[in-house]
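Here's a quick briefing on how this one is put together. Have a look at the chains first, then run through the notes below.

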Amino acid sequence: MILLPVLLPAAAAVIAFFIQAHGARRFLLAATAAAHSLLVAWMWVDPARFLALGDWMAMDGLGRLFLGITSALFLAVSLYAVGFLRRESGSTAADSEEGFLFSNTPEALFTACLLGFLSTMTLVTVSTHFGLMWVAIEATTLVSAPLIHYHRHHRSLEATWKYILLCSVGIAVALLGTYFIAAAVPRGSGGVSSLTFGRLVQRASELDARWLKAGFLLLVVGYGTKMGLAPLHAWLPDAHSEAPALVSALLSGALLNCAFLAILRIVAVLGSAGLGEFSRQTLLVFGLASMAVAAGLIIGQGDYKRMLAYSSVEHMGILAVGIGLGGTGDWGALFHAVNHSLTKAALFLLAGNLLAVYGSKRISDVGGALRRVPVTGVLWIAGFFAILGAPPFGAFSSELAILRAAVSSGSWVVVVLYSLFLAAVFAGMIAVLVRMAQGGRAPGSPARGQAVRAGAGHAAGGAPGFGPAESHGLAVAVLAPAREPVLGLISPIVLLAGTLALGLFVPGFLASSLEQAIRLLGV
Amino acid sequence: MTVWIEGFLVVFMITSLWLLGSARLLSCIAAVSVQGVLLAALPLLIGIDAPPWRLFLQAGVSLGLKGIAFPLLLLRAVRSVDARREMEPLVGYSLSLIVGVALLAGSLAAGTRLSLPAQGMPALLVPSAMFTTLTGLFVIVGRRSAIVQALGYLAMENGIAAFGLALAEQEPLLVEMGTLLDAFMAVFVMGITIFHINREFDHIETDRLSSLKDAPE
Amino acid sequence: MSETLRAVIQLLAALLLAPVLLGIVNRVKAVFAGRRGSPLLQAWYDVAKLLGKSAVYSRTTGWVFKAGPVVGLSAMILCVALLPWTGAPTLLAFDGDLVLLVGLLALARFVTIAAALDTGSAFEGMGASREAWFSSLGEPALLVGLASLARIRGSLSIAGVFAGSVDLAAPGGARFVSGPAAFGGAGAVFGGASSAFSGAVMILAAVALFIVFLAENARIPVDDPATHLELTMIHEVMVLDHGGVDLAYIQYGASLKLWVLGGLVVSLLAPRTGSWYLDVAVSLAGLAVVAAATGVVESIMARLRLVRVPQLLVAALAMSALGLCLALVGGPGGQLALTAGGTP
């Protein structure tokens, strides 16, 4: 029964690959996402129904939390995807930065990979065996590679190659770490169950400390590459900026979380083995490093999608810092995972809208969003405030919780660094926000590379006011309000509303789930 | 019998040196394929405690994938790209070999000091696994051709699988198959990407893929 | 037969039969090419012919040019005197004569290079520089290979290291040769010997030695002894200006070098029976096989591009280094035992 959320999207992926009609396929995508969400909701309500599959798969508190995030996110993204695919599919477009023509991946492959992505991510959250979890995470890398390469041009290809190579190498290192953990298990007591979370946590005292520590380091490096912890984050900005918006949303909102889940599992094992101090210190260092790198590279960033990518690096750093501090930090980190996913996904979807309207990823080319695309503009501002941890959004409570944990831990260095980096990112992003939301384009700066839709017949999508305005490059005509597709707005609205609601109160089911998850993390 | 296993592992290490030192793509592919075949046969020789049908199944699948499927995939990639010879790599071949020898010495020194939890493992298993992994990593970093980087990844996977033999008591069949399948999919996806890279750029030198940068405002 | 007599016979036979090796190589190459080839003793005929001619010395050369061939030949004769290719100890054997052997080879190489440079011609200088470059890679390969062998045999003498691969006459049946040979004089340097990986080390060292053999003797794939094209010569170009007696010395010395290095390979791999006569026969057969193998290699391969020769030599170095690492790790005082576990 527990296999159902894994197999359902997988089967749908296969079917979607062979369906010829676009409409039917898009419907299948949305329907599968909805069905998956219903299944997951059912799991939350009635967990007893979903029996564990031997030692392999089971639903525990941590898995449930992340599965819930993944499923909700996918549902939102799939709605957006329908509109996106309707707009982009089959057309040849001119690249915004360099002006060449490119085509897109066939929609069937794209949809199939999307559904496969959901399936593999679900597998990560339900697996209880380190080996199976590894297989699932590697599978997510491979399934998401074609997604990044949706726009078929050289930059996305470069991003895809870096993504594949870096993540595969990282995950290979994680495999080595998994073997090291297996080596920590005393001889003769092996079997299938030796690498399951439950058994490992139970017998934590019997495990060999040296192998555990070495394995932990390798696992953090390996899965940290996938999660985007500095200095292993090199693939992140490229992949996020070149992939289509909805793919970036999924990567940032769901995939990074899955890698985080993997790290949490091993932290739990080390915690019950008495090595909690060591594991948390390591994560703290990685977390602060990620925040530092992100802060440094966000300030002065010229590309808003890249900026959002670095923001993801920063928030993954915050998650690591939270876990590294322990105590309230655990709650803060997990709650922050939820908030970050919702907010970042919304922001990326909005970025997609902006890209469609303005035709450029450069911040200097986007101006006056409040006037041009009012709804998106407002949501953009809200999203920025949400991600920067401003009340009343959810990220405020979670970041505050982590700060409290830092203070109570007595380590002033951490407190100072944490606050410093948050402030730096705040400053960098606010400046960008103001420019993008308010200002018009300076007169005389030409509208570089407006996206020219060469294909015929697109219903949705912004068709900016062309004509005489283009040749003059004046701000006035360019600020004419553009059409904002409904499907492109529903998802961000819902997601941002969600994170706003979480900031105001934490619903019971979420609170209890968080409690359960924290208990699993151990000491 | 042990002498043969040790000799086997020595040949395993030689394949890594072979990968490091060869300039021709076909030679590199041959090196990694031989490595995969040796690795497939290794569990049978070491004498792992498992039912024979399972050992043979594992060996068979591993052999099929690493000895046949991977080389075929990569040969297809080579043919589609039509690159017989690698352009001068970032780290020259002679220097790579010397670095390889240094890695070898290091692996032998470190590997023999590692106290293995397992009994009855050949003495050279951990050093050769470590050496192959490090070689794979070095090839990924030091070479330009995307195909050779994919081969380095495969070598790394081979080394880590050898580690698995030494360290993990007995991985469940599912995980073994899953690992192999993942490696297969990785090579498959890499092959396709290389094809696209060649079509797009007319070369497969990854150090020339550098247009994505952090551009200031 | 007394030891001294054996040693003398060993030396004289080597001096006489060395050019025949060259004849075998050329005959094999001729057979591959479909020709009948020159007689096996052709090298002797050439030397004899050259001894009757007089040399012409250019005005730009000095004493170095005249000394080169003589010193080279003396060095090679000394090497032959040091080599116990039949298993019988030589007259000059002592502990550490392995290092002397390598030193003599280097000396011969050095005087050849010096004589080539002394001519003042750019042609010879080019050959000299190539020779120096390649030997700077080949010599480490040789030394490291010899070091690994010395480690597993526990001895620094040629007799101890190159005592054959299998001792067929050992009490208790055929055994892998390990430890210092029982032949006179060769004492153990390292306490005990043998290692867990003796076989692997020997094979690796043998491969490296064979590659060095091909490189040092200017054989394909490193250098083509039959070519006289500027772009492709290495050894040939260095001796281009010599003539008459000097050239006779050089050619004879080259065949002695072939014998010495081939003898090393054979002594490493040949089995040792109890009887000296049988050992002689086996060694001669082995040398003939090595010469034939050289001929075959020369016939089926093309010469490597000059930029690829260093890679070949570094590959040989890598092989020897692998052997040395295995010898250090597995040998006496090393970390490993070939039993279960591997815990230090």
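**Chain by chain, helix by helix**

Of the 523 residues in chain A, 59% are buried. Keep in mind that this is a predicted model. The notes go from whole chains to the A–B contact, the nonpolar core and a few helices worth a look.

**Chains A and C overall**

- Chain A has 20 helices and three strands.
- Take the contacts in chain A with a separation of 6 or more: 81% of them are between residues 24 or more positions apart.
- Chain C has 11 helices and two strands, and in sequence order they run α-α-α-α-α-α-β-β-α-α-α-α-α.
- In chain C, 53% of the 344 residues are buried.
- For chain C, 76% of the contacts between residues at least 6 apart in sequence link residues at least 24 apart.

**Where A meets B**

- Chain A puts 38 residues into the contact, and chain B puts in 38 residues too.
- On the chain A side, helix 5 (130–148) and helix 6 (154–184) each give at least two residues.
- Helix 6 of chain A has the largest share of that side, with 18 residues.
- By class, the side of chain A that touches chain B has 21 nonpolar, 10 polar and seven charged residues.

**The largest nonpolar core**

- This core counts 366 residues, and the ones with the most contacts inside it are Leu250(A), Ile263(A), Ile147(B) and Leu151(B).
- Helix 10 (residues 245–298) of chain A brings the largest share, 31 residues.
- Apart from neighbours within four places in sequence, Ile147(B) touches Leu25(B), Leu74(B), Ala77(B), Val78(B), Ile194(B) and Ile204(B).

**Helix 16 of chain A**

- Helix 16 (residues 412–437) has 26 residues, so at 1.5 Å a residue it should span 38 Å; the end C-alpha atoms sit 37 Å apart, which agrees.
- Its buried residues are Val414(A), Leu417(A), Tyr418(A), Phe421(A), Val425(A), Gly428(A), Met429(A), Val432(A) and Met436(A).
- Among the elements covering those buried residues are helix 10, helix 11 (304–325), helix 13 (369–372), helix 14 (374–387) and helix 15 (394–409) of chain A.

**Helices 3 and 4 of chain A**

- The axes of helix 3 (residues 61–88) and helix 4 (residues 107–126) of chain A come within 9 Å and cross at roughly 170°.
- Angles over 145 degrees count as roughly antiparallel, so that is how helix 3 and helix 4 of chain A lie to each other.
- From helix 3 of chain A the contact uses Gly63(A), Phe66(A), Leu67(A), Thr70(A), Phe74(A), Ala81(A) and Leu85(A).
- Helix 4 of chain A answers with Glu107(A), Leu114(A), Leu118(A), Met121(A), Thr122(A), Thr125(A) and Val126(A).
- This contact of helix 3 with helix 4 of chain A splits into nine nonpolar, four polar and one charged.

**Helices 2 and 3 of chain B**

- Helix 2 (residues 25–46) and helix 3 (residues 52–81) of chain B pack at about 175°, with axes 8 Å apart.
- That angle makes helix 2 and helix 3 of chain B roughly antiparallel.
- Residues of helix 2 of chain B in this contact include Leu25(B), Ile29(B), Val37(B) and Leu44(B), and those of helix 3 of chain B include Leu55(B), Lys66(B), Phe70(B), Leu74(B) and Val78(B).
- Sorted by class, the contact of helix 2 with helix 3 of chain B comes out at 16 nonpolar, five polar and one charged.

How values were computed. Residues are numbered from 1 along each chain as its sequence is written. Chains are lettered from A and ligands numbered from 1 in the order in which they are written. This is a predicted model: local features need pLDDT of at least 70, side-chain atom pairs count only at pLDDT 80 or more; totals for chains, interfaces and linings use all residues. Two residues are in contact if their C-beta atoms, placed from the backbone, lie within 7 Å. Helices (H or I, at least four residues) and strands (E, at least two) are DSSP runs, numbered from the N terminus. Ala, Val, Leu, Ile, Met, Phe, Trp, Tyr, Cys and Pro count as nonpolar, Asp, Glu, Lys and Arg as charged, and the others, Gly among them, as polar. A residue is buried if 20 or more other C-beta atoms lie within 10 Å of its own, exposed if 12 or fewer, and partly exposed in between; C-beta atoms are placed from the backbone. A nonpolar core is a set of buried Ala, Val, Leu, Ile, Met, Phe, Trp, Tyr and Cys residues joined through C-beta atoms within 7 Å. The expected span of a helix is 1.5 Å times one less than its number of residues. Axes are lines fitted to C-alpha atoms, for helices over the stretch in contact, and angles run from 0 to 180 degrees between N-to-C directions. Angles under 35 degrees count as roughly parallel, over 145 as roughly antiparallel, 65 to 115 as roughly perpendicular and the rest as oblique.
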